[in-house]
Each structure stands twice: as structure tokens, then as C-alpha cells.
2 protein chains.
Amino acid sequence: MPRSASTTDIFSAIAEPRRREILELLAKRGPHQVGSLVALLGLPQPAVSKHLGVLRAVGLVSVIKSGQHRVYRLEAEELKTVLDWTKAFEQYWGSQLDRIKQRAERESERRRSGGSHARGA
Amino acid sequence: MPRSASTTDIFSAIAEPRRREILELLAKRGPHQVGSLVALLGLPQPAVSKHLGVLRAVGLVSVIKSGQHRVYRLEAEELKTVLDWTKAFEQYWGSQLDRIKQRAERESERRRSGGSHARGA
DNA sequence: TTAAGATATTCTCATGAAAGAATATGTCAA
DNA sequence: TTGACATATTCTTTCATGAGAATATCTTAA
């Protein structure tokens, strides 16, 4: 089975450091045309266009044709998927006390649902 | 320049759906030994071991040898990097009003610092 | 020591993707 | 229409990676 494509999976799309850089740029400085991004990133133009293509494919950016240029704009809401996924783990770090509470919760949950799964150590 | 390695970059590590699945499992059900993960995931044992190897390389899981078994435990704090990065974008979505405010902030910031960057349309 | 069980490692294969160079497409101005 | 500019696409090469199969390593029990 092939890997998940970076053109369809948002997690793969943001796995590329340069694409993250592009997103940061669009966030901090608003919409930009390709040429500006090329200048700011110091990457060859085709590289930038290709990265933008991936970001567009997953909906992380949108384009508006403005005459000769194309203006790319961040579509930040798309990152909600990632934020939500990551946020769900937030409860698993923090203080030792938190962890003890969580363990107790997990275990009572397991008892309630008749758990019988192998547990470590 | 080569791609960023999934063994060093946490974003690449979580780009793999099965690795995310493993993390979710370890979160929801606590530490597990490899055999349990194999059973729960329905993947061949070497595949699981390899994914665990990647997760371990970036610090997302830790291992404790327990006799014949190895117990893998989630190290959720490592996801803080991802959470923080994603959270920084949260302000860019939401209501239209929010966006208008943000734009105003960005623009006044730009004026203040003598900005002269190309802007879209 | 030997055997069995649990897990990791190695190897091969196929795929996807990024970099780089070249070129195509599209748009405006003259 | 022609030419200049902005951007996208194509092609090749290189490399990382995941799957799969086989095997090695380590640990405990007999």
C-alpha cells in the first residue's frame, strides 16, 4: 500500500518544512503573490509554485487571479483538523498528578466496559 | 537537499496514518507491549516494530523492557511542538470580524515598521 | 543448553516526492 | 500581434520510505 499522498492528507502536506514556512509567511504577512514568496523564501520560483500547488490541493491556501499575478491566501481553518487531533493529547502531558488522574479514569473506564486487553508490565 | 527525515522531524513522523493510530491507541488505552499493538492494529509485527522505531526516534514514545516484552508508552509532551505551531494559526480563522481586526493589526504593524512588501490585489 | 516466544533488524521492491533545469502557459503593455 | 513578465507544468534524477518476507536477537522456561 502506498504512502498517504501529501496532496490529499493535510498531515503530509505540512510535513514539509518549506510548506510550513510558506504558511507562516502567509499568516504573519497576509496574502502574497508568488513572486513575493519567491523573494522572501529564497527558493526558485518553480519550487514555490509546486509547494503552493500541494497546499492548494489540501485547501490550506486559496488563489485569486489578479491580473498577471496570483495572490495566495492562507485558509487557516483547514488546520483545525491538526489542532483538534493534537489537542486531544494535551491531557496526557503536564503534571504527574494529572497523569495519575488520567490513569484512574482510563482504568475505571476499562472496568466499566469489561476490558480484557493486554496491558504492559 | 534531501527531504526531512521522519526519524528526526516530528511533523513527518505523524504524517503516517498508522503512526497516528498507534499514538491514539497508546493515549486512550495506556502503555502496551508490541504484541498487543499488533493484535489491535491488525498489522504484521515487523511493521509495528518499525513504526514504533520511528516514533521512538522522535521521542513520541518511550520503551521499557519488561522481561520478554517491551512496553511502549506515549510521551505526549513531544506533541507540544505541533500543538504550539498549529495553535498559532488559530487566530487566523473564525469570524469575518476577527479577520478584519487581524488585518488591521497586521497593517498598522507594517506601517509602524516601515513595511514595503508586495501585497495581493 | 535447548526450545519457544517476543521483538527487532535486514533486505528487496515499488512508490512517491522533492530538487533542478527547461519549457509551456497566460496576461498585460505597446 | 509582439514582447516582457509572472506563474505553472513537465521531465529527469535522486532519495526516503513503507510493505513484505526472511531472519536475527534477546529472554524466559524446561
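In the predicted model, an N or O atom in the side chain of A:R18 lies 2.2 Å from a phosphate oxygen of DNA strand C. Such a pair is a polar contact (N or O atoms within 3.5 Å; within protein, one must be able to donate a hydrogen and the other to accept it, and residues adjacent in sequence count only if both atoms are side-chain atoms). The model is predicted, with local features requiring pLDDT of at least 70 and side-chain atom pairs pLDDT 80 or more, while totals for chains, interfaces and linings use all residues. Residues are numbered from 1 along each chain as its sequence is written, chains are lettered from A and ligands numbered from 1 in the order written, and side-chain values use heavy atoms, without hydrogens or water.

Bases of DNA strand C are also contacted. A base oxygen is 2.6 Å from a side-chain N or O atom of A:K50. A base nitrogen is 3.2 Å from one of B:Q68. In total, 25 residues surround DNA strand C (near: a heavy atom within 4 Å). The closest are A:R18, A:K50, B:Q45, B:S49 and B:Y72. Helices here are DSSP runs (H or I, at least four residues), as are strands (E, at least two), numbered from the N terminus.

DNA strand D is surrounded by 24 residues, the closest being A:Q45, A:S49, A:Y72, B:S6 and B:R18. Sugar and phosphate make up 60% of its atoms within 4 Å of the protein. A polar side-chain atom of B:R18 lies 2.3 Å from a phosphate oxygen. For B:R19, the corresponding distance is 2.9 Å. The side chain of B:K50 places an N or O atom 2.6 Å from a base oxygen.

Helix α4(A) spans residues 45-57. Its 13 residues reach 18 Å from first to last C-alpha, close to the 18 Å expected (1.5 Å times one less than the number of residues). Its buried residues are A:V48, A:H51, A:L52, A:V54 and A:L55 (buried: under 20% relative accessible area, 1.4 Å probe, protein chains only). They cover an arc of only 155° around the axis, which puts them on the same side of α4(A) (arc: directions from the helix axis to the C-beta atoms). These residues pack against α1, α2, α3, β2 and β3 of chain A (contact: heavy atoms within 4.5 Å). Just after the helix, A:G59 takes a positive phi of about 85°.

Note on methods. Buried means under 20% relative accessible area, exposed over 50%, partly exposed in between (1.4 Å probe, protein chains only).
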